[in-house]
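User: I would like to learn how to read contacts within and between chains in a structural model. Please take me through one example.

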Amino acid sequence: MNTRQQSKLIYSWYGKPMSSDRKLRTTQYKGIIITSESSRTETCIQLGDFILVEGVNADRPYVAQLLDLYEDGAQHKRAVVQWFCHIGEIPQNKRKLLKREISSQEVFFDQVLGYDTDIDAQTIIKSIMVIPLHPGEELPITLNKEQTFYVKQSWDGKCFKALSPDTFSKLKAKKKKGSTPDSSEPFIPSDILTPLKKETESVVQSATKPKNAESKHSVSKSSLAKERQSQRAVNDIKTPTARKKLELSSPTRSKGRLLGSEVLDLLDDDRDAIAPLESAATKRKVTFTSDILGSPPKIPCSNDKSKSVSDTAEPCQRFSDTIRLSPYPKAKDFSEKAKNLHVEDDIISLVGHQKPGTQSPVLTPRSRRTCAQRTSALIAQHISVLNQEDDLSSSDSSYSSSSEEEEEEEDVPCTPEKKTKSSRIFSTPKSSSKSSVHTPAKTPKKTPLPGTPKTPRNATPEIPRRSHAAQKPASVLEEARLRLHVSAVPESLPCREEEFQDIYNFVESKLIDGTGGCMYISGVPGTGKTATVHEVIRCLQQAAENDELPPFQLVEINGMKLTDPHQAYVQILELLTGQKVTATHAAVLLAKLFNTPGPKRKTTVLIVDELDLLWTRKQNVMYNLFDWPTQKHSKLIILAIANTMDLPERIMMNRVASRLGLTRMAFQPYTYKQLQHIISSRLKDVKAFEEDAIQLVSRKQYIPRAGGMTARVVIMHSDKMSGFSSVWHNVAALSGDARRCLDICRRATEICEFAEPKRSPEIVGMAHVTEAIDEMFSSPYINAIRNASLHEQIFLKAILAEFRRAGVEEATVQQVYHQHMALCRIEGMQRPTVSEMMAICSRLGASRLLLLEASNKYLHMRVRLNLSQDDVMYALREE
Amino acid sequence: MKSAMSKRKLKDTCGASAECISQVQKILRERFCHRPSATGKLFGIEFQYSSCFSFPKMDQGSWLQFALKQGANPHPTAVPWHLLELLKRTTLHGESNSALIVGPRGSGKTTLLNHVLKDLREMKQVRGNLLEVHLNGLLQTSDKVALKEITRQLQLENVVGDKVFGSFAETLAFLLEALRKGDRTSSCPVLFVLDEFDLFVHHKNQTLLYNLFDISQSAQTPVTIIGLTCRQDILELLEKRVKSRFSHRQIYLMNSFDFKQYIKIFKEQLSLPAEFPDEPFAQKWNDNIQHLSEDKIVQDVLQNLFHHTKDLRSLYFLLMLAVSAVTVHHPLLTAADLQEASRQHSTDSKANIVHGLSVLEICLIIAMKHLNDVYDGEPFNFQMVYNEFQKFIQRKAHSMYNFEKPVVMKAFEHLLQLELVKPLERPSARAQREYLLMRLLLDNTQIMDALQVYPNCPTDVKQWAASSLSWL
């Protein structure tokens, strides 16, 4: 079972086509026959059967349920499936949420959005058994371990939930159907499950219910289907009345309940659209403190219901690692009893979810659940109704069949911030006490997605907390300085709108298509490349959270943060899967990952910063990196960032450059107008700079460097201009660097602060900026020479003299020494000994005014100037 | 009791007890050897900006604190203020910064930083609020070593338990993770001091510098990176993206004081402190120092040194030599002591070696000098030197004994060992020793100077040295 038979398998349809769609040119079938040539066996798999599907990993095939079979226009046999996932497919950090051991036979009902449910029928391996179990149930011991799987909970990419009764019964039904004589492997486990216990105890509404229903009907490209689905979700929010009507028509509901479930239904529908939910007036948070999770399961009984309601509200402030249950309908709408019931059910389902292994459902008193049982009856009713409903209403009514407690659960993962926070705490037990004391403020840089970096071992290094609180900026200048710091994240990135749009469009289109691609982004340092890309990713993540886009996984590597180009593989793999392996092994695994069709894989967006550092002699790292997106199934989008525009032409081999493609983008250096805009936008309402001052900074940054030396020569010849010299010849070496610009401004505020001790109008003027620029870009050489000792200066003069004599810009110390002595004789000074000369020489060499050879050559050591002769002359003449 | 004893001794000796002298030696030597400047003073740097800010005489505490108390307002570019403000903002506001302190050797870079750090630590809000990591380019020769050292100094190893650190890549990832975790307002600021900053620049890809500067420019744990270097061209060494991330704050330290201030430093360095146990002696000593500083000879000595170098360390070295001459019988420093010290200080090391050579060896050196003159510095071999020497022996020498060739060869090899001559290339087994090309590592002036003072030098040798043609 583990390895697929090597013999050829022939796939053929079973029976006549059930229906066909003219428009899409598809024909649907109810079964598929797999014939093995070697063993001459035929296997028939029908709709609803559980199957194994070829996965990335040969010995870990995916488990799925067959929902639909069809032949598309191109005569390809396709299948639509509902996935189940192994524990191995769940990210490492989420596994802890389960708080129990998972046997290899257990699978999870997969509700992660974004997996491609439309697969090639030829990837089906065989049929198997999947048996739904209640959370408390032990796995039955079976003989045939490889062919039977058990499902207890569902997994939606963010948290685990108990199976909804709906799903449960469906799976159950399918199981029975699966054991019809049609199935080639009529396997019945030795111990059949006990009949359903009280359903309400474990019920959790399946989040992908609408999706399932939909995918049954959907035969089009899955991405399109998803898009439609998301659109519909939006529509649902807009038109709640339609659904309300539908619910009102359901006959068996009492008035009060109906009202409640209705509100909740609305909220539940909003599940995907977070924003409206957050603002919903009906929202109420029911919180659970983390210590409850740790302590023996709290058994909610009827008399502490109200207490638990009140309890839960206040720890919310104190503990950051609480699990919030929302939305909760306002109590006003309900009778007290109904309200209590909801609360209680919350708790039960939560506890059951957190500690499924230990919590015995029997513990909960029976009497409370009369109402809930009624709900379960409703559910059954709805299911039957549901099947006849059309596409839209089926998804809606499936919601309406839910009981209240599920929705509250749903919302735990809905707010992404909350989720990442709690996951961090779960993974770092050490820091939890600390972080509970102070609310961990989110770093402005978003740490994205479930697949975010984490240390594989439990070691989570942390810089200790500061003992005194950081001071708040007291004055206008301090405030301005804070905003001008390069690290301050502006709300928007001014002057990079076009580039932003281009990158966004590129990634978005690739995401929607579910294809891969590369984009090369170049630009000199400090032009906002990385910032723009991060901004794009942030927006895309936002969109993905709102279900406007298929979800994706972000991986970011930086060439400068790698110790070796090959470490890139290790980092990518670690960020993707959490595995930690050697570079070569990682390369193999990644190649396998990206080259084989992985229907369940999300699109990966890979940011490669400082690309040029990944250069190796054979360029295999770059080659692989750019080869993967070209693979059919890779679903990999690469954003490569580097400084040089012509990097592909300069350092890459042809085959690498060709794979990189032609999607390029060059970030032009900021013009002074743009720099001005950036500074102004950062300062916004803080009035700390004069307009002229900002303009000066921007201009200074923009004026292209005319070459320091030439400028200085010009100045030398026109001595009157010496006042301007520093400003002129020290214009930034990097023109259009926003970082530099901001640093100058920051320095200027400091200078201003010193210059204006009395709190007089603190405003940074031209003078301050000029001074800051002078300070940052003044040439150190001239000053160094002027402050050198007399003999050091004479030595430099001697070098000049020797150069002039020999006509070569290089001399030995011996030659310079003779010149030096001659100069000393002229000046009437005591001549230095050779040892003293050598000391002078090495001192000048240490500060790199001179370039020296190795000193063991003593007198024959060659000397060269590290700055032009003109500069030396200029510096010495002033004296 | 000690003072009582010294007082008693003071009565019977003429004012300088052994006790006193040893005290003086101890105090002054400690001062000159320049230990961590806990008690040292910011000479030079202080004078550097005396024009903008009148520095008070500091008796207790540092002048910085004094100035702070006074609420004085120095010039904004005054170096110590700039640095102190920078560090203060990091610790108090959690603002990330980076700066380079550039200045020639002995200009007080480390002293300045230590001073500022000391003042900073004394501030109440700062205590326990700043983590310091000190790295030195001479010790942390690669990024790998540096990262390990950073981890150690940040005491992050305990997080990993006893696990020995894995690869370089792991360590880097670990540390970056640690620093990324923090944020501006809640994490303890970290101060990185990179001594011999220029050596870090040569690490592969400048990975460490990139990452440190990158942290300082992104909203992570607040860090301040202070680099100390003596290279003026340090910015040109930084890679462009590293450079872009550096904030371009450079603090230049120059020994910009003039000779008057130099004399003042000389006086202050030699003066005994007020708390010296033997007060009359201290008074006497200080008077003497005052007297010395006005002495013409002393001023000449100092002037000469000042012309050669403004590095205060060489002044300390000179004073150290002079102070060594102070004994019980010679309790007070004299101008002659300083002169002697200056002579020792400035003697030519190679010429000193020549003083100890035998006459034969001197003759060989003179022969080489003539060869250098004739062939304009071209390299020579032993055979040429021997021929030259033979000519001298045969035609001119009266006092010289005609040595056998092997004996001359031996003398030549001695010179080789003393590194007065140096072979152009490594001697190989095949090449004959006589024909190995050599160069003389002495200048003509050095040879002539050495001959002047060479004891009992034969006259004909002297004459030969003066002119290669004298034998004609």
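User: In which kind of contact do the side chains of A:Arg538 and A:Glu535 meet?

Analyst: Please keep in mind throughout that this is a predicted model. The side chains of A:Arg538 and A:Glu535 meet in a salt bridge, with 3.1 Å from N to O. The cut-off for such a pair is 4 Å between the side-chain nitrogen and the carboxyl oxygen. Over all chains, a search of the whole structure finds 40 salt bridges.

User: By about how much of the helix are A:Arg538 and A:Glu535 separated?

Analyst: Both belong to helix α20 (residues 529-545) of chain A, and because they are three residues apart there, about one helical turn separates them.

User: How should I read the packing of two helices, for instance the angle between α34(A) and α35(A)?

Analyst: One reads the angle together with the distance between the axes. Helix α34 (residues 813-827) and helix α35 (residues 834-846), both of chain A, pack at about 110 degrees with their axes 11 Å apart. Angles of 65 to 115 degrees count as roughly perpendicular, and α34(A) and α35(A) are therefore roughly perpendicular to each other. From α34(A), the residues A:Val813, A:Tyr817 and A:His820 meet A:Val834, A:Met837, A:Met838 and A:Cys841 of α35(A). By class, this contact has six nonpolar residues, one polar and no charged.

User: At roughly what angle do the axes of α33(A) and α35(A) cross?

Analyst: They cross at roughly 80 degrees and come within 10 Å, so α33(A) and α35(A) are also roughly perpendicular to each other. Here α33(A) contributes A:His791, A:Glu792, A:Phe795 and A:Leu796, while α35(A) contributes A:Met837, A:Ile840, A:Cys841, A:Arg843 and A:Leu844. The residues of this contact divide into six nonpolar, one polar and two charged.

User: How much area do chain A and chain B bury between them?

Analyst: The size of an interface is often given as the accessible area lost when the parts come together. Chain A and chain B bury about 8,200 Å² between them, and 53% of that lies on carbon and sulfur atoms. In chain A, the residues that lose the most area to chain B are A:Ile463, A:Arg466 and A:Phe754, together 10% of what that side buries. In terms of contacts, 93 residues of chain A touch 101 residues of chain B.

User: How many salt bridges and polar contacts does this interface have?

Analyst: The rule finds eight salt bridges across the interface of chain A and chain B. In one salt bridge, the side chains of A:Asp612 and B:Arg241 meet at 2.7 Å, N to O. Between chain A and chain B, 31 residue pairs are in polar contact. Among the elements that give two or more residues to the chain A side are α18 (476-484), α30 (738-755) and α35. The most come from α30(A), with eight residues. By class, that side of chain A has 36 nonpolar, 29 polar and 28 charged residues.

How values were computed. Residues are numbered from 1 along each chain as its sequence is written. Chains are lettered from A and ligands numbered from 1 in the order in which they are written. This is a predicted model: local features need pLDDT of at least 70, side-chain atom pairs count only at pLDDT 80 or more; totals for chains, interfaces and linings use all residues. Side-chain values use heavy atoms; hydrogens and water are left out. Axes are lines fitted to C-alpha atoms, for helices over the stretch in contact, and angles run from 0 to 180 degrees between N-to-C directions. Helices (H or I, at least four residues) and strands (E, at least two) are DSSP runs, numbered from the N terminus. Angles under 35 degrees count as roughly parallel, over 145 as roughly antiparallel, 65 to 115 as roughly perpendicular and the rest as oblique. Contact means heavy atoms within 4.5 Å. Ala, Val, Leu, Ile, Met, Phe, Trp, Tyr, Cys and Pro count as nonpolar, Asp, Glu, Lys and Arg as charged, and the others, Gly among them, as polar. Buried area is the accessible area (1.4 Å probe) that two parts lose on being put together, summed over both. A polar contact is a pair of N or O atoms within 3.5 Å; within protein, one must be able to donate a hydrogen and the other to accept it, and residues adjacent in sequence count only if both atoms are side-chain atoms.
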